[in-house]
Amino acid sequence: RGGAYRSGTLVMIHYAKGYWGLPLFLRLHGSPFPRTLPFAVVSVAITIWLHLWDSGREEIVRSFAHPYPFQMYGFVIGFLVVLRTNHSLARFMEARTGVETMGSKWADAVAMLTAFDGCTVGSRSQEIGKPAMKQDHEHHNDHARFIARLTHLVSLLHAIALQHLRGDEELGNIVPARTRRQTNTTAGPELKRVRDRKEPKESAVEIADGPEDEGISGYLGTRAIKTNGKEETKLLAARYNHMGAHLIHAVTDDGRQARKNLVNPFLLREDQDLWLRCCAATPLAVIGGLDPHEFEELAELDCDRAYLVLAWIQALIIRRYEDLDGIRVGPPILSRVHQTLTNGMLGFNMADKIAKTPFPMPYAQMLSVCLVVFNLTMPIMVAGHINNLWLAILVNFISTVAYQGLNEVARELEDPFKPTHINDHGMPQLQAMFNSKVRAASPSVKKILTHWAQCDSWEVAKE
């Protein structure tokens, strides 16, 4: 189907580390080597021409008594390349840290609100001494609606933040997340997209409840198997492969063109048309999809849409707190939720700092010029000190590819959010993994209270 997992299109590139890394020699997708070939071919061609030009080669041999001056130049170029590579790796990891902080804090906020609202349901005007927690263990509809709306908005906030980081303003690149497989409501409230709306102010999500007598649900549901003629129910586990990609989570209901078919492996391009097509090829999945009313509100802004979604979440929390049967924790405790959301925005802004601050142009310009000079002068030194043609070609090719390849690695990794770079952070995978965290952090109130009842029955061993 169109949403099938395609390696390298939706996730960060993962690779096996067996056999001493030798299988990586033949990997083309995401490799910097193709972009070094134009420089290597030109440099090798100059080497061949100098070797075949006898009189010119003899003049070169007489001119260079010792390669020491060129060795110093090569040392300086190597230092500049390594320094840029180190800074690029630092930018790459710092950006990843910002995104992980952002998602972690927002998922923590969902977990706290689920506990605050689910375990303190009841009227604020209830009698003194009456337990605040409901004893009938019924699924509270108001709580379910609140958590469903909350998980939808937090998932939307994360997707809008990732869109901002990669410079994507097209709201059509947000698609509905594939629904979680479950057999009953103990796994928490699930969302489904509302396609036909009668009124613009209707909720963007609905609660998809299932029958309560279907048994305990696993993460991917259950499966009936026969063992010795008896039918048993086996719990299915989530799949996780050795390449590090969540195959289930990174799938979206979208059949657009794979990004790897859009990017030229021999050229690092960043033109606007390719940028837009790469963003469309890597859509972000949101729990419950994007509501038409939300689409209209977000479309009025050209940038910084994450702050609008954050305002919606803050307003939702306050409204729930003001409800008679809403959140009953004290204001100082509830303020922790707002602080956690703010800390998530801090992580977002730290990642946005990397996205908005390019690698310094003077350094990049100087290094590019020095590398071109190195590629053009390297054949002269090779022709003057290596007599064998094939050995001269090999040495020249290896040197050019090594220097130019490290520079190409740095050029790509220093901008980890650009959708035209194959070696980016894999935005759809990050979004899908965040959706998994949010869903895990928002179990149903029935499951929470059942667990609490089991805790009450535990006996403490006395020494």
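Trainee: Where do I start: how many helices and strands does the chain have?

Mentor: Start with the overall tally. This predicted model has 12 helices and 6 strands. Of the 463 residues in the chain, 46% are buried.

Trainee: Which helices do the buried residues of α8 pack against?

Mentor: First pick out the buried positions, then ask what they touch. In α8 the buried residues include Leu334, Val337, Leu341, Met345, Phe348 and Ile354, and also His338 and Asp352. The partners of the buried residues are α3 (68-118), α4 (141-165) and α7 (305-322).

Trainee: Now for helix pairs. At what angle do α2 and α9 pack?

Mentor: Read the angle together with the distance between axes. Helix α2 (residues 54-63) meets helix α9 (residues 361-385) at about 90°, and their axes are 8 Å apart. An angle from 65 to 115 degrees counts as roughly perpendicular, so α2 is roughly perpendicular to α9. On the α2 side the contact uses Arg57, Ile60 and Val61, and on the α9 side Ile380, Ala383 and Gly384. By class, that contact holds 4 nonpolar residues, 1 polar and 1 charged.

Trainee: And how are α6 and α7 set: oblique or perpendicular to each other?

Mentor: Use the angle again. Helix α6 (residues 292-299) packs with α7 at about 135°, with the axes 10 Å apart, and the two are therefore oblique to each other. The crossing of α6 past α7 is right-handed. Here Glu294, Glu297, Leu298 and Ala299 of α6 meet Arg305, Leu308, Val309 and Trp312 of α7. This contact divides into 5 nonpolar and 3 charged residues, with no polar ones.

Trainee: Last topic, the backbone. Where is Asp304 found, given its positive phi?

Mentor: Asp304, with phi of about 55°, is in the loop between α6 and α7; its relative accessible area of 33% makes it partly exposed. Tyr19 also has a positive phi of about 55°. Tyr19 sits in the segment before α1 (33-52), and its 65% relative accessibility counts as exposed.

How values were computed
Residues numbered from 1 in each chain as written. Predicted model: local features only at pLDDT ≥ 70, side-chain atom pairs only at ≥ 80, totals over all residues. Heavy atoms only, no water. Buried < 20%, exposed > 50% of the residue type's maximum accessible area, 1.4 Å probe, protein only. Helix = DSSP H or I, 4+ residues; strand = E, 2+ residues; numbered from the N terminus. Contact = heavy atoms within 4.5 Å. Axes fitted to C-alpha atoms, helices over the stretch in contact; angles between N-to-C directions. Parallel < 35°, antiparallel > 145°, perpendicular 65-115°, else oblique. Nonpolar A, V, L, I, M, F, W, Y, C, P; charged D, E, K, R; others polar. Left-handed = near helix turned anticlockwise from the far one by under 90°.
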